Each structure stands twice: as C-alpha cells, then as structure tokens.
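Hi,

Here is the structure I said I would pass along.

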Amino acid sequence: MILLSVAWHSLLSRKKTAILTFISLTISIVVLLSIEHIRLQAKESFNRTISGVDLIVGAPSGQLNLLLYSVFRMGSPANNIKYTSFTMLEKRQLVDWAIPISLGDSHRGFRVIGTNNSYFTYYRYGKKQSLQFEHGSKFSSLFDVVIGADVAKELNYNLGDEIIIAHGIGNTSFTKHEQTAFVVSGILASTGTPVDKSVHVSLGAIEAIHLPPSALKKWLINPEKTPPVPKSITAVMLKLKSKLSTFGLQREINNYPTDRLMAVLPGVAMTELWSLMATVENLLRAIAVLVLISSLFGLTTMLLASMNERQTEIAVLRMLGASPVTLLLLILLEAVILVSLAIIMSIVVLTLALYSLEAWFAAEFGLFLSDDIFTMELMWLISMIFIATLIVPLLPGIAAYKHALHAQLSSH
C-alpha cells in the first residue's frame, strides 16, 4: 500500500503528462474494445437477419446465392421452383409453417417481394422479433402493398398512396405494369434488415400483373372470385416442428423427383458468407492493435522522459531504503495505475455509447449491439492489455533499476 501511494503521488506530481498519457490510452483502448465488440456483435446481428427458419428451399444455384437473394435481396435467382412444390412443402407433417418468396420485380430501385400473409405472421429477425406495423396492416385485397420503413421514408409514401411496379430489378426500368396500381395498405416498423428496403405484394397480384395484356384486361373487368394462382415462385422459407428432422427433410427435398429443388440451412450458409469477410475483419483488428501499441509506447516514452526529472525522487527513495527492485516495481506500478484507470474509463465510455446508440445502430445499420461488454472475448482482450502493460514499461523500469544499482555499488 505504501508503494501504491508513492506511485500515485508520483503521477500527481507530473499531472499534465500523466493526464495526456491517460487520455491517449483511453482512446486507444476504446477503439480496440469497440472494434472487437462491434465485430462480435455484427457477426451475431448478421446471423440474426433472419431468425427461426430451419430451411430455405429454392432452385439449385449454390447455398450462398440462395441465401443472398432470398434473405438479403441481393443478386438474382438462376431459376424458379414450381408453385406445387411450395404447396407440397406447406402440407408436410414435419413443417410448422412455410413462407413463399417470389422475386423479379422492383419499384424505383427497391425489390418487390411476392408473398402471402404468412410472411407478416411468421417472419422473425434479431432475437426472434416479429414484424410490426408502424401504420396500417397486411394484405386485405389483391392489389394491396406493404412497404418497409426505408421505402416509406425515402419515397415519402403514406397509407392509401398508389405505386406502379416495374419488371426487373434495376433502378431504371422501361417495362412498367401500368395497367394495375397497387395501394399502400401497410408500413412496417424499422427492423434494420433488408425488410426495410422491400416492397411486399401478394403472390396473386404478382401473377395477375404478368398476365398477357388482353387476359389482364378481361380479368380486371370481371375479376375471378379467387386470385390467379402462380405457376412458380423463387424460394420457400420453412420452419419445422422438430429440428431433429432438418437433415432428413433436407435430403428428401434435394432428391425431390418432380422438381429441381435445393434446401440449405441458413446458419451454415451465413457462416460461409461471413468467412468471406475475414480479411476485412482481421485488418480492422490489426489497426486497433497498432493504435494500442502506439499508446503503450507513448506511456513508455513518458516514463523514460520523466527519469531525468525524478533523480531527486529516486535519491530520496534510496535514502529511505528502497532497493533497486522496489524502484523497478514502482515504475511498473505507475504504468498499471494509468492503464487500469484507462480501462475503467474505456468500459464506462463504451457502455454509455452503446446504450445511447443501440436503437440508432439497429435502425440505420441493422446492428443489434448489446451494451453488455463483459463477454469472455473482451475479458480476454483486457487481460492481454494488462500483460502488455507489464511488458512495455520494462525499459524505463530497468533503467531506474540500473541507475539505483549503480548508485548502490558506487556508495560501497
């Protein structure tokens, strides 16, 4: 305790230099902890873009491609699957629910998703959160449209507005389905997922707008009692009653005789997709480590620069009986005090920032960041910082040790 008190008062005597070093260490540790925490949480958020789906079924095109266009609305499907394949899957006893997905159209750069009301009932994201309506409700008539939060915000749409869907997925399309206008019946609350940038219409409406012009005109004049049944769709999301049946059903789907189907596990596909980002991930971690190392060397520089100023202090301590080892421990203890305070301040700053910005990160970037940073990974990282703290200041500590040892030998 006496040595701790001496180290503390020694730092106070060099207040300005110590404060600047403390600020530098705090910033570097915040950067390092932030990158590591965001990396871990981003990976988890990435995996939570869709939740509760056991299998995604589509045409054979590779599991990454199927995941990208069905979940992230990126890329294009190579082929469709028969609508009868969807009805077959929906009726299977092993299946709890099934959500059909039909792609191929767009509205002013936003993807149009053909589906049914099961989508709004069963689709989950994040921590198994369900879709919520900010305004309006799901489909109640054939040409209703439900839009994501970003679509409503960027295009300034409200309930009752009419929109025209275009063929294709480009920002500019020369083929528009102008014979039929869709009416906004619902606006979804923000989710921070691709749902926010999606325009949802019914499967029957998708089939209707793709009828030949003469057939569509007749149908609009004298609509049938039931909406047109689509011949094909893009993909199906399945939730099974028991996860134990996942691999068995996957194998049956992949060998389905009357249609070319491929079933993938979303978790496995997302792990493969995330592995492609490993280079960027490691680069960010390397930058953060370099920032920390530079700050630790700044701490070493401060301690070395103070050695000449502390000749009187060291002499007094030697007169009081302090051994060379005690002086070495004193230097190391000063470094530990500074880094400990910097770590505590970093944890406080990072926790407050995450707590304040949690909703904003979720809405803007789809990152569901927890403000609880006391994970095993971060605790391990903090322990590594402590170890580095004990190693880096050894240079000034050894210098003080040698000086004291030389003085001791000279006195004899």
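D54 and K243 pair through their side chains in a salt bridge, at 2.6 Å from N to O. D54 sits in the loop between α2 and β1 and K243 in the loop between β14 and α9, so this contact ties together parts 189 residues apart in sequence. D54 counts as buried at 7% relative accessibility, while K243 counts as exposed at 55%. Bear in mind that this is a predicted model.

The structure holds five salt bridges. Another one joins the side chains of R92 and E252 at 3.0 Å, N to O. That pair links distant parts of the chain, with R92 in the loop between α4 and β3 and E252 in helix α9, 160 residues apart. R92 is partly exposed at 26%, and E252 is partly exposed at 42%.

E207 and K231 also meet in a salt bridge, at 3.7 Å from N to O. Since E207 lies in helix α7 and K231 in the loop between α8 and β13, the pair ties together parts 24 residues apart in sequence. Here E207 counts as buried at 14% and K231 is exposed at 68%.

In α1, the buried residues include A7, S10 and L11. They cover an arc of only 100° around the axis, which puts them on the same side of the helix. The face turned away from that buried side carries the exposed I2 and S13.

There is also a nonpolar surface patch of about 690 Å², with W8, L12 and L352 among its residues. Its largest share, six residues, comes from α13.

Cheers

Notes: Residues are numbered from 1 along each chain as its sequence is written. This is a predicted model: local features need pLDDT of at least 70, side-chain atom pairs count only at pLDDT 80 or more; totals for chains, interfaces and linings use all residues. Side-chain values use heavy atoms; hydrogens and water are left out. Buried means under 20% relative accessible area, exposed over 50%, partly exposed in between (1.4 Å probe, protein chains only). Helices (H or I, at least four residues) and strands (E, at least two) are DSSP runs, numbered from the N terminus. The arc is that of the directions from the helix axis to the C-beta atoms. Patches are made of residues with over 30% relative accessible area and no salt bridge: like charges are joined within 9 Å, nonpolar side chains (Val, Leu, Ile, Met, Phe, Trp, Tyr) within 5 Å. Accessible areas come from the Shrake-Rupley method with a 1.4 Å probe; for residues, only the protein chains shown count as cover. A salt bridge is a side-chain nitrogen of Lys or Arg within 4 Å of a carboxyl oxygen of Asp or Glu.
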